[in-house]
Each structure stands twice: as C-alpha cells, then as structure tokens.
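Good morning, and thank you for coming. Please look at the structure on the screen while I go through some of its features.

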Amino acid sequence: MQAIKRNMWMKVRKIASPRNIVFTLTSLATFSVFYMFIEWQNRETTSFHIKDHHSFKPVPDCSLGRVNRNENQAVKFPENTQTRQKALLFLKSPQTQLGRKIVVLLESARFKFNTQNGEIKNLPVLIDDNKGRYGVIIFEDMLSYTGLHQWNRDLLDKYCRDFNVGIVSFLHPKRTSVSHDVEFTQKLGNFPLNYASNLKVKDYELNATARILRIARPAEIITGLLPNDWTVFEFEHNTYTPVSTVRLAQAYEAHDTGQDLRWDKNKARPFRQSPSVNRQSSLFGLFPSESVTDDRLPAVVQDLGKYDQVERVIFGEALKFWLHQVLFLDAISYLSRGRLALPLERNVQIDIDDMFVGVKGTRMTSDDVTALLNFQEELRETIPGFSFQLGFSGKFIFHGEPEETEAERLLLKLHDKFQWFPHMWSHMQAHWFKNVSQLCSYMDINRQFAVRHKLNMSHGYAVSPHHAGVYPVHQPLYDCWHRIWNITTTSTEEYPHLRPDHKRRGFIHDSIKVLPRQTCGLFTHTMILDKYPGGPTTLHENINGGLLFQTFLFNQFNIYMTHLSNYGNDRLAIYTFRRAIKFVQCWTNLQLRYDPPEVVGRKYFELYPEEKDPLWTNPCLDKRHKEIYSEDKTCDRLPNFVVVGPQKTGTTALYWFLNMHPDVESNRPSDKTFEEVQFFSGANYYKGIDWYMDYFPVPSIDTILFEKSATYFDQEVVPRRVAALLPKSHVVVILIDPAKRAYSWYQHMRSHDDPTALKYSFYQVVNAKRQGSPSALISLQRRCLDPGFYAYHLERWTDGRRSDQIVIVDGEMLKEKPAVVMQHVQKALGFKNIIDYSKKLKFDQKKGFFCQVTEQKRLKCLGKSKGRLYPDMDDKSQMFLTKYYQVANTKLLQMLKSMNKPVPKWLGEQQGS
Ligand code: A3P
C-alpha cells in the first residue's frame, strides 16, 4: 500500500515539474489568445456580412413596374345608413381552426360581429327598426350556405339584395374517400360553379383587375408550392371572375387517407374550358408570357351578382395563406360597401430603448450611428417626417468599449437629428420605489442629463423600463411623470395582457394616454441574424406576411420597441424594418405615416373613444403583471364576493348579517358613502385598484372579504368591471317585488326632503309621461322604476360568469325569515363554517323587523332609515306597477329557472308558478 502511494506521489511530482507547469500555462495562454481571436473574427465576419452586404435575403423586388393598374382601386361606396356596421358570422363550430382564425381576424380588425354556431335551423333577426342589422355575412363553410333550408336561403338572399350586403365564404371540404378515378369537378349547390378540392397548388397570382382589391396590391407571382390544401373553381357563368389563380402542383396528397395520389395531367383537368368563362380575366394580362398559360385555376372567386343579384367572394383556402388575410379584409370591405373597412393609413413609430445601456461590446459603434441616421433618412422617403424615438437612461453613458464611447459622443453631437424620450436614470423599475419623492428625484437626475445634453424632449412621451408601473398602475410613476417630465403619452404591451397580442388596447389613467405597443420580435438579446429565435427563416416569415406584417395590416397605430443592441452588431432592426416596410409597400396599398407620439395619442383615442376608460384586472392572475407589481402590495385585499343591490331591497340588512359571521369581513367605511365603497360604479373607479384595496384589511387565511354597494346592480359598466377585476368572485343580488322597491325608493327620497318627491304623489311619479314632464320628475321616476327591470340587468351579470357565481336572495324572505335566507346564502357562497342565525337574530315588535341579539342579550336594530314607517302603497299605483312589470317579471322567472336558481316566493306567487 505504502509503495503504491509513494509511486503515485512520484508521478504527480513529475507531472507538476516547473518545466511542465510553464509549458501548460504557455499553451493555455496561447490557446486563449487564439480562441479570443477566433471569437473576434467571428463577430467581425458576421457583422461585416450582414452590415455591409445586406446579402442574407434581398429586399423584395416587387415587379411593380410591370403592372399596369390603377394605383388606388378603392371603390367608392354610396352612403348607406340603412345597415349597421356589424358582420354576421356563421361558424360550423367555434373549435375549428378556420373558425378561430376568422374570429381572430375580425377581432384584430376590431370589426363588430355576432356569431351563430353549428347547424343553422333558424336565421337570427336580420332587420331591426327597418335597418339591416348586418353589413356583411360570413360563412365559415360555403356548403352550410348552399345547404340552408330553402326558406332560410331565400330570406338571407333577399336580405342581401334589399340591404346591398354581400357574402364572404370558404370552400375547403375534406375528402372522405379517394380513388384513382377521382372526378375533380363538383357542382356548388345550384350555382353555375364547379370546384375541386384537396389539391396541392403553386404559383399564386392576384388578378390586378379584381374589384375587391383595396388593401391588397398585386406585387408579383408567388412562385413555388403553396402550403396546405386548396380548392379551385370552374365557372359556367360570367357572374364569376377570379380574384386570384394558382397552378396545380404535380403531386397532391389526400390528407385524410394519407394515400399519395399522383396527378395525371392528361387524365383529368379540374379547369374545364367553358364557353362562358372569361379567359381574358383569368389571364389578367399582367405578367410576362411565361405565366400566361391556360392551366391557371381560380383560387378565390368573386361572384358579381349577375346570376342571382347577390354578390359573394369565395375562398378556396382556409386563411392559412398570408395573402388571403389581406383579401379577406378586402372582401369584407367590398361586400359591406365600406361599412366594415379599415382605412388605408397606418401610423408607424419606432422607439429605441436603452440608448446608453448595454453590455460592453454590444453597443453601437460610430458606423452604426451613421447607419441609423441614414436609415432614418431612407425611411423618410416612404414615411414623411419619420423620426426614431430614442429612449435613454443617462447613468450608464460612456460605460462601453472606447469605440462605443466614441459612438455615444457622436450620438450626443447628433442629438437634434432624433426625438428623445426618458426611460429612467439607471433603468430601475418604477414599482421598486415605494414613495413618490424617491422616484421623482431619481427621474430628475435623468432630466438634468437631458438638459445638459440638449436632448429634444418635446413630445411628452415616456416609456417605463419593463413596463413597470404603467400597467398594473403604480401611482408614483404617473405622479412623477407629471411632475418631472410633463408626460402626456406612453405605451405598453401589457394592457390588458401581453397575449393574445391582437387584443392589446389603450387606456387613459390620470390624464396620461397609454397606447398599445406591438411586438416586432427584436429584443435586447436579438443581435445576430443567425441567432434570431427560430433562426433567420422565422424572421423572414414574420416579415413576409407573418406576424410583423400582420401588425401593419391590422393596426392603424403601430408603436414598436427596439433596442440599442439591435442597431449595433448585425443591425438587425435596420435589416428587419427595411424589409418589412418594403414588403408592406409591395403587397399593400397601405400608406405609412409618422406623427409625434402625443399626436398619435390624441388620434388613437379619437378613433377608439370607448377605450379611454381602463378596465382593471387582477395583477396576480397574470404572471408578467405579478412580476412588475410592487412587493408591498397584495392582491389578497380584494373581495371574494360582492353584494350588488339593487337599492332598497334589504342590502344593508344583509351586509349587517354577513358581518356577524366570524369568518367574514367587509371593507372599512368610506367618509362619503359610509359602508359602501362604490368603486365600480362611479368616479372612484378611476382612482385605481390600489385605492380600492386600501379599503380592505389584509385577510388571514380563512377570512372571506366582501363589499356591498347597492348602486352596482343596474349600472351598465359595472358587471364587466367586476368580472375583469374579480373573475372568481360571487355576486349577490337581492330581489323584492319591483313595485315595492319603487315605493321604498320614493319614501326614501321623501324622508330626505327631496322637493320633487314631496311635491308629487307616488302615482304621479310612476305615471308621469317621459316626454314633456319636468326633468326632476323624470329623474325621480327613473330612479324608482328602472332598477326594477331585474331580468334586463341580471342578463349583464350573467355574461362571462358561471351560474353558480350568482347568488339570488329573496328580499321578502330576508325580512320574514332571515335565518333561513342566511343558511342559503352561506351555502351558496361556499362558506366552510355555516353558522345558525336563528340564535343571532330575533324579531323586534317595535321595529317590525329582525334585529341582532347582542352579547348582553339585548336587541340591536338597524337605524331609522332602514325599515321606515310609511303608509301602504295606494291601490292605483299597485295596479299600475303590477301591469308595468308584468313582462319583465315573466322574463325574470324564465331566466331564474334556466339558471337553476330558486324562484323568490313573491315572484312565484305573482306569476302563478
Ligand atoms: P324600507 O325602509 O322601505 O322598509 P336597503 O338597505 O337596500 O336600502 O333596503 C332597505 C330596506 O331593507 C327597508 O326598506 C326594509 O324593508 C328592508 N329590510 C329588510 N330587512 C330589514 C331589517 N332587518 N331591518 C330593517 N330593514 C330591513
């Protein structure tokens, strides 16, 4: 053993001899230098490659010179006020890929639409007040349309004729069986139109003379095999004209069988020459002779209405092909006569974040700065007045390599060539700052930096690092933006959520306009083309009709965020936008424009005024929001359920009873509105959720939080707001006879010395004509009567909520048998501890209501304003109101039954059920 050890020791000493150590270190050093050289070489080569040659993929040559066509084909539509700006969409099912795609595209374009799912037995109401309800009809499956029951078909076609409305549809049936003797041509319903499906096609060509083209612009033939299955058409009437054509690919597959069939050109020809076909139109005459052959097949067809006076566009593909998304918009705009059409103008703003922030070696060089300036000039040729917005955090300036420091000096010298916006002094996130003064002084250092370097800050625009503080709102950020910078406009990707991106919206908080920002796919770490996530192919797909192209297509206002590192290194941002903008110009008639951010902000909310009001969501239900939500804040201080009213139904009594439960806690009282916070219904909503949560205690594990604001029930905006912030909450609604509720409100107003209630009898109030009566009387009448249309208001509360999230309380029973009602309420709200209220509540003869049994065994009742003494309602009013609410109450009964809710006793008795 000893010998072995000694032997090993000798070996180690021999290996670690001074000579060997020197040799090893020298080799290591040489290798390191060599490695660094290779790395440096690599960097240079890659950068050199893309920066100076632009040779990865040529900017598209759109062959536009060869197209002899009218530049602006937008058809001028007659003003038609007889039809509303809404689409009617018939889906086979909401689950199909095409169905989902159509919905996303309509949402992206912000078109309003109603959806009918599944088999069409009855058509929805099409006409309302002599006006057409829908400006365009869309069928996911053309065969559902041709297969309509004759009666429905006639009705729909008549509607289309009478209201000058067209139909967009898709024809892409899956084959159920295949054989070698396939007969390709099938007849489409009773139309003089044949089709063949499940084909592989190539060489897509737009018909530049097609009438529907508005956004779409025929740039060139898209050569090569096209993805997915296609249907092609054959016409037997001159009502049809091709919007685009394709050629058959040599081979196709029958997808559902997996069988590989060979297309024998000589055996079958899907496109049969027929005398009525306008060959000229199918050849378009646009492109040089090699494309003018007779084997082109229509892939999107326009029916001009010459056959049955209904205009249609039929797509032989399921919207997977990017250009069809453009044509889909064009078809809708054409067939709705411009009622559902996006304008052609698109605002483009490109922000560059973190101007002086970045890891050494990844910042810009002087050449990059010059390239940026040149690119700005280049963009101005397409987008007049375009200017990059440069965002800065001053602290890290001159922290890069010497050549990067030089570049920053050059940038500062060129300061007046760009627009600037503040980020944060050291790129810190706003929600890390607890108080306003700390955050403001931080921002102020950055402001002094801007003053020192004369940065042009005229546009009142700012961006917060990591979106922090913008949404979810951190009030100190808004306060300091006002105080330090006079900010009017900002942008974020986080409202209401990052995904789905087509649903990003804007809002105004504290008079600062928050605009939605689009993703262009360039992040701080996206520096080298080869390392682009998914590889260069993904980037090119994004540009060539993919995600980036779609942002231009659908959004009238595009704010993109790029980063300093995207303009150094491979200058990927220049590479991307140069190609993206060229692609947009090639394939669309969109007109790109630039406006300073505050002008964009103004225009945005002029166009979408309904977005001004924010819709607060729970920050803890979105992972990204949670990351930029202050650690000092908790989402636990939000109610588990809300008692929403309506007023005068016993809401205070229920609130009081619930508070007797040991597990339940409510909000602290408000100075102005006492036990009610009234957050969701009025101006308080704009104070934000921090303000709201401040009313609630931090709950312990078993505590159930709730609030009661009886004003919520009948206010239109409230159900949506509650659902957005408290999606899992229960909603408690108390229902008494609406006539009694009206009378109770009238008495309430009298006891508050309301002059109108004192002047007029109850009968005069409820019976007053809405036209011609004094406004105070009408206002009182509304407050008495309108909340009593329970079914109408309840419908809004059921929207987006499960039925078990709505708890219905019989308000009459609450007066008579509160312990029984409380048993039901506790169960419906899912309380773990169900307590017996019969020991807590006793009837007080003098008060005429149930009151609380105190620990001293005394009775404590609600104050004078609850359970008032007043004469019974007169018979005339009673009869009037019974009739007045008859229909609404019948509807309420049906609704409660369909929701599987217990029917209040008073309602059952009235309705005789
Ligand atoms: P009246 O005062 O017209 O009788 P709200 O709290 O929603 O404003 O409702 C007030 C109504 O609650 C009262 O209307 C009363 O009828 C009813 N109520 C139900 N239970 C009560 C109770 N235990 N004590 C007092 N009022 C009660």
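Which residues form a negative surface patch? The patch is made up of Asp367, Glu401, Glu403 and Glu406. This is a predicted model, in which local features need pLDDT of at least 70 and side-chain atom pairs count only at pLDDT 80 or more, while totals for chains, interfaces and linings use all residues. Residues are numbered from 1 along each chain as its sequence is written, and side-chain values use heavy atoms, with hydrogens and water left out.

Patch residues have over 30% relative accessible area and no salt bridge, and like charges are joined within 9 Å. A salt bridge is a side-chain nitrogen of Lys or Arg within 4 Å of a carboxyl oxygen of Asp or Glu.

Helices are DSSP runs (H or I) of at least four residues, and strands (E) of at least two. Glu406 is exposed because its relative accessible area is 52%; exposed means over 50%, and buried under 20%, with a 1.4 Å probe and protein chains only.

Phe507, by contrast, is buried, at 0% relative accessibility. Phe507 is in strand E21, residues 507-509. Its C-alpha atom is separated by 9.7 Å from that of Tyr608, 101 residues apart along the chain.

Finally, I turn to a sheet. An open antiparallel sheet has three strands in the order E7-E8-E11. Its edge strands, E7 (186-187) and E11 (230-235), each pair on one side only. Pairing requires at least two DSSP bridges between two strands. E7 and E8 (residues 193-199) are joined by two bridges, and Gln186 stands opposite Tyr195 in E8.

Technical notes. Patches are made of residues with over 30% relative accessible area and no salt bridge: like charges are joined within 9 Å, nonpolar side chains (Val, Leu, Ile, Met, Phe, Trp, Tyr) within 5 Å. Accessible areas come from the Shrake-Rupley method with a 1.4 Å probe; for residues, only the protein chains shown count as cover. Lys and Arg count as positive and Asp and Glu as negative; His and the chain ends are not counted. The place of a charge is taken as NZ of Lys, CZ of Arg, CG of Asp or CD of Glu.
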